[in-house]
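Let's take a walk through this one together. Keep the sequence and the 3D view side by side as you read.

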Amino acid sequence: MRNFIIVSLVAWLLCSGNFVHAASENIYENISVLTIQDEGRLKPLDTFARENVLLITGKSLLSGRSYWELFLSWLGSANAFEKDNVVRVTHIEYKKLLGLPDNQQHFTGRSLLDNPKFKELYEEIRRLRLANQELPQDFKYHETEQLAVKLEHLYGITTRTAITVVPPVPGENVWRSLGDIENPEILPIHEKFKVMISAYEKGDSPNFSSFTKDLHSSLVSMNSSVYPSLNSMKQEVFYNTFKPFKKSWILYLITLLVVWTAPVLKKNGKWLFALGILSYVAGFVIHTYGFILRCIIAGRAPVANMYESVIWVAWGAVLLSLIFFAIYKNRALITSASVMSVIALILADNLPSVLNPSIMPLAPVLRSNFWLTTHVLTITLSYAAFMLSLGIGHLALIAWWRSPQGSKIIEELTQFIYKGMQVGVLLLAAGTILGGVWADYSWGRFWGWDPKEVWALIALLGYLAILHGRHIGWLTNFGLAVSSVVGFLGVLMAWYGVNYVLGVGLHSYGFGGGGTAHVALFTALDLLFVGIVALRVKRSGKLNTSVN
Amino acid sequence: MQQNFWQKLFDFLASIKLAVIVILGLAVILAIATFIEAQYDSKTARYLVYGSPFFIAILGLLGVNVTFSALKRFPWKKDQLGFLMTHAGIVVILTGSFISHIWGIDGSMAIAEGDASNLVIMDRQMLFVEFDGGAIETFPVEFRWSPPKPGHEFTKVLPDNFRIAVDSYLHRAAAHENITNTGDTENPAIKVALLSSKANADGWLFADEAGRNLLSLGPLRVRFERAANLQQLNRFLHPGETVGGGELGQLHLKFPEGERKIDVSGNIDLPIKLPDLPYTVTITRYLPYAAVDGKKLVNKSKEPVNPCVELTVKWRNKQGNEEEEKHIVFARFPEFPTLFGKQNAGSNLKVYYEFIPPAASNGKQLLFIIDFKNQLHYRLWDGKKKIQTGEAKLGNEVETGWMDLKFSIKEFYQKAKSKLEYLPAPKRKGMTEQPPAIHLIAEGEKEKIGFWLLHGESQTLNLDGKKVSIAYGNATIPLPFTIQLEKFTVGRDPGTNNPASFTSNVILDQSGVFLHKKTSIYMNNPLKWGGYTFYQSSYQEIPGQPTVSILSVGKDPGRSVKYAGSILLIAGIIIMYFFKKFLPKTNV
């Protein structure tokens, strides 16, 4: 029975990861690769459609309509703004405030835009902004601003003013919008576009395809020197559809299931374990590939925001676990790294409002700098090492719960925790110093007590205290397991807290919001878990005896 | 016994236990500092923690601990190489940081386009006092975290028993004008209120004060003037002619030596030698609709939307050399500094441009006049014809006939006296902070004067017949070379308004050394010269003025020491971990 459950779970995971692509004809192939200038970047229309549908509806699939179906219906006519229930409002209190029904999540753009309470709040925000006043800390302002952005985007799409697909005249760099039909140069393009849309609406896919191709070549011919190559657009569309990071977390999850189960199925234990490792390596390869693809598309190392750093840290943890595994051949390494990576990648994959997956242009201070890339990658790699220690630390704590008197497994796990911390300390020290080198290079000062710098230092000091405390025997094996959790609080603050909680300093380009309450709750629960295990170990009298 | 004590002290200072305590203590203090920074700002965190003596003492203790721990293990064995390098690295980095802290310079430089500067503005506030033509004395003042209070004034004694004291400090000061009827001379002022169902507005007008006799209140332009005789009063009450100095208005020039008025019409490009004053004024340009295009002030239309005049003032200074100042003055923005971004040659000229829109325009005007019997009259005027005139009585509400707009005179002072005071201002987000202000008391043998001084301003007093000049601002350090800002450009992300790059094109000049170097400073590309590093920090754009580029200036004599320490540290960790078996040990 148990085997069956695991096998079916694995099968279901493989299916949901879209590992087997149906070889059906994709009618959106041609429209996907049209180039649009959006948020300072040239991207395929596919990316634009995905991002906007996700932003407006909060979903990529709304009542059976795919993002392309939704997007093209919005492009088709301004009626979509009036009639289509697509703009998502979920905040219950806010819906109450606006007098919207509880059981509905999506509304028409028009009904929201004409909502008197929304108008009133929007006006108030505008007034406050004009007077340079801070918005009061109240959900209604935050929600109103978010809703306004959604409406603005939907309006821009239905009126085609936001569809900046027409390349600029030579010498300019601002792409022109399809909605600008008063421009004699754009009018014929707009006509072609209308023909294309009507072919789509009639369900005439051959014509839709050929009209799109025609539109594409007309757009290219308007200014072929600035129009990006078809290959670069195809590459990004591929990245969008391939979803490498989703595939890798699914493979890591499969590894986790298999590696855990392997010893239970005695007969095929070894064989199954090998399969688990294979899936792990496959996940890692796809993870790496996805990372490289993103680098190529963005034209830079993905070190610009929280989403990218989460992906990178998860990758680092897997890499380190593979290196350690090659040396020590202990499956606990694989288990803990895959747990951490699966959690990290699932979060990255499913929280677009907190961890924004869109590829953005870099803040000026971050542009084209070797030291920056090295410094960020080194520091975040140290987070990966500490995260690996954290994962192993949890395994150790579970082991302590099972055998509060200590065991051989615990001895081994303790070694790995320590090693992970050592690697982390080296990388964090080096990364912090490299940060100084970069700051010196671009700002003319080595160290400036910037909060991000300071928190990296605090995290480093925390682990240094742990390593020294271990050295003089203040920390027992159990103490080290606890330290792996407590020490990570410094990393959490340096990595997430400075950007999302403190929100000050020169590293403000990575600032974001959201998730603070969840992170705090999760941290509290984790510490509670540590406390409970400590209580149990203490009762058994093991806690106060010295290290073996 | 003695031996034993020193041995014990040494052991304690070299102990790993002390190391753990210091490391954890440092971590906690740093964490608190970041929260202080989030709550207040980086300057506060720097003052209270990072730059404070106790923090430097803790770092010193860490240095001692690390040094002693290494000395304790002498004579060193081969396998301690990694340990030694790591710990030596920390000591070297701390030493380098100390050198930077003591001898380093961290300031900024603000240069307007077309201007040059050699002054590094430091983040330290100073009082500059020049007493009776003597040398300028400077006093460092840092009131933000320890503000002076009455009874605990910051006091400095000057020669001849003169003294100055600071008895109040506002970190963010907002100017507040206190107008009372307690002046010594005639100075009629009225407070006019406009009332309507939509909004109310009010403001003060001074009949005799240039630049303050005009006001835009809601949809109306309001003006207050004085009738010296019956003829003027009649002209006011029975209008039909244009008002005040021809159709292009007039310039009101206030020199320390006296005041003069010049008509703009007919005087453009003609040098005017001012009678009885040593100045020659030339109106170089008249712009009816001044606007900034690119970096230049241009005229956009013939309609007087934003009338503006450019003028030059020439005179001979005490040494007999010719001096010249160029001013730009806007009729609608009398409070705008007319010398902004221009060379100040020291004429101390205050110039106002009084411009009444010509009768042909459609501006709705409300005009007041005070007659020789100190009675007030008003005239409503829509630009073409009189709508109504009458006597304006204090407190009466008068219908204007424009929508439901009413006006009333709330206050009428014949001897108005205006006193500028400062009040604490709330914090503004996303904007430049309001400057700080101090309240000073200057005291001589006989006289005592109290006044406010805004950061960046100066005041010259006459105290017991002696001249005392006091300025309040940031400390500056002169560089042996100048930087001239040729051009400042902001690049944006294509298709957006996000600034993508800021570039200052500068010329470096050093007299003595033959140097005239053109270069650009932009993000990640600082200029390094003479031990100083200049990097692009920010900029200020003010309409009608040249853009000001703000460069950060740093000098770090500890740089190479810190780099050496860093290399030692990292190499040490690598050797310790990977070239020597460093397994967890149970005890020392």
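Of the 588 residues in chain B, 43% count as buried, where buried means under 20% relative accessible area, exposed means over 50%, and partly exposed is what falls in between (1.4 Å probe, protein chains only). This is a predicted model, so local features need pLDDT of at least 70 and side-chain atom pairs count only at pLDDT 80 or more, while totals for chains, interfaces and linings use all residues. Residues are numbered from 1 along each chain as its sequence is written, chains are lettered from A and ligands numbered from 1 in the order in which they are written, and side-chain values use heavy atoms, with hydrogens and water left out.

Staying with chain B, you'll find seven helices and 34 strands; these are DSSP runs numbered from the N terminus, with helices being H or I of at least four residues and strands E of at least two. Along the principal axes, its C-alpha atoms fill a box of roughly 105 × 60 × 55 Å. The radius of gyration of chain B is 32 Å, whereas a compact globule of 588 residues would come out near 25 Å (taken over C-alpha atoms, with the globule rule being 2.2 Å times the number of residues to the power 0.38). Look at contacts (heavy atoms within 4.5 Å) between residues at least 6 apart in sequence: in chain B, 51% of them join residues at least 24 apart. The accessible surface of chain B is about 30,800 Å², and 55% of that belongs to carbon and sulfur atoms; areas come from the Shrake-Rupley method with a 1.4 Å probe, and for residues only the protein chains shown count as cover.

Now for the charged pairs. Side chains of opposite charge can pair when their charged atoms come close. Over all chains, the structure holds 28 salt bridges, each one a side-chain nitrogen of Lys or Arg within 4 Å of a carboxyl oxygen of Asp or Glu. In chain B, B:Arg144 and B:Asp41 meet in one, at 3.1 Å from N to O. B:Arg144 sits in the loop between strands S3 (136-140) and S4 (154-157) of chain B, and B:Asp41 in the loop between helices H2 (16-39) and H3 (42-50), so the pair ties together parts 103 residues apart in sequence. B:Arg144 counts as buried at 19% relative accessibility, while B:Asp41 is partly exposed at 22%.

Over in chain A, A:Arg294 forms a salt bridge with A:Glu308, with the closest N and O atoms 2.8 Å apart. Since A:Arg294 lies in helix H14 (residues 269-298) and A:Glu308 in helix H15 (residues 306-328), the bridge ties together parts that are 14 residues apart in sequence. A:Arg294 is buried at 2% relative accessible area, and A:Glu308 is buried at 1%.

Finally, which residues of chain A make a nonpolar surface patch of about 500 Å²? They are A:Trp401, A:Leu521, A:Leu525, A:Leu528 and A:Ile532. Patches are made of residues with over 30% relative accessible area and no salt bridge, with like charges joined within 9 Å and nonpolar side chains (Val, Leu, Ile, Met, Phe, Trp, Tyr) within 5 Å. Helix H21 (residues 516-539) gives the most to this patch, with four residues. A:Arg536 is also found in helix H21, and it is partly exposed at 34%. Leaving aside neighbours within four places in sequence, A:Arg536 is in contact with A:Trp401 and A:Pro404. A polar atom of the A:Arg536 side chain lies 2.8 Å from the backbone oxygen of A:Trp401.

Terms used
A polar contact is a pair of N or O atoms within 3.5 Å; within protein, one must be able to donate a hydrogen and the other to accept it, and residues adjacent in sequence count only if both atoms are side-chain atoms.
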